[in-house]
Amino acid sequence: MFYELRQYKIQSGKMDEWVALMEEEIIPFQVANGMVIVGSFRGEKDDSVYVWLRRFDSEEERERLYRKVYGSDRWRSEIQPRVSQLMDTSSVNVQRIVATPRSVVR
């Protein structure tokens, strides 16, 4: 098992709109398609910082879920165009991380 820590830079003044899109559409859509979303966070003081965490059982599962979600008509035609309007897509930072032996998320 591993986690995917994703950090985005949200366009100035768009954080509330971004969080609404994530919580009302993106996260429910991804969960309905099998993704496990562990957490979703915004910067406490920096209103451009958004971070979320997903869990995968294996690389094979991650690849399958990526194809299912990001290859879907709904993602490509409805969701992705709105993502591009709210986020600086050139600043996406994705880290694959694994829990340490005593981590509570193991």
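**Figure 1. Radius of gyration and overall build of the predicted model.** A compact globule of 106 residues would have a radius of gyration near 13 Å, and the 14 Å of the protein agrees with that. Here the radius is taken over C-alpha atoms, and the globule rule is 2.2 Å times the number of residues to the power 0.38. Along the principal axes, the C-alpha atoms fill a box of roughly 40 × 35 × 25 Å. Please keep in mind that this is a predicted model, where local features need pLDDT of at least 70 and side-chain atom pairs count only at pLDDT 80 or more, while totals for chains, interfaces and linings use all residues. Residues are numbered from 1 along each chain as its sequence is written, and side-chain values use heavy atoms, leaving out hydrogens and water.

**Figure 2. Order of the helices and strands.** The protein has three helices and four strands. Read from the N terminus, the elements follow the order β-α-β-β-α-α-β. Helices (H or I, at least four residues) and strands (E, at least two) are DSSP runs, numbered from the N terminus. For contacts between residues at least 6 apart in sequence, 71% join residues at least 24 apart; contact means heavy atoms within 4.5 Å.

Figure 3. Of the 106 residues, 36% are buried. Buried means under 20% relative accessible area, exposed over 50%, and partly exposed in between (1.4 Å probe, protein chains only). The protein carries 17 positive and 17 negative charges, and their mean positions lie 4 Å apart. In this count Lys and Arg are positive and Asp and Glu negative, with His and the chain ends not counted. Each charge is placed at NZ of Lys, CZ of Arg, CG of Asp or CD of Glu.

Figure 4. Searching the whole structure gives nine aromatic pairs. In one of them, the ring centres of Tyr8 and Tyr50 are 6.3 Å apart and the planes meet at 25 degrees, so the pair is stacked. This pair links distant parts of the chain, with Tyr8 in strand β1 (residues 2–9) and Tyr50 in strand β3 (residues 49–56), 42 residues apart. Rings of Phe, Tyr and Trp (its six-membered ring) pair if their centres lie within 6.5 Å; planes under 30 degrees apart count as stacked, over 60 as edge-to-face and the rest as tilted. Tyr8 is buried at 6% relative accessible area, and Tyr50 is buried at 1%. Ring pairs also join Phe2, Phe29, Phe56, Tyr66, Tyr70 and Trp75 into a cluster.

**Figure 5. Arg62 and its partners.** Arg62 sits in helix α2 (residues 59–70). With 15% relative accessibility, Arg62 counts as buried. Setting aside neighbours within four places in sequence, the contacts of Arg62 are Phe2, Glu4, Phe56 and Arg96.

Figure 6. Pro81 belongs to helix α3 (residues 73–86) and is partly exposed at 36% relative accessible area. Beyond residues up to four places away in sequence, Pro81 touches Trp75 and Arg76. From Glu78 to Leu65, 13 residues apart along the chain, the C-alpha separation is 18 Å.

Figure 7. Val31 lies in helix α1 (residues 15–32) and is partly exposed, with 44% relative accessible area. Its C-alpha atom is 17 Å from that of Gln80, 49 residues away along the chain. Gly13 is in the loop between β1 and α1, where it is exposed at 72% relative accessible area. C-alpha to C-alpha, Gly13 and Arg74 are 26 Å apart in space and 61 residues apart in sequence.
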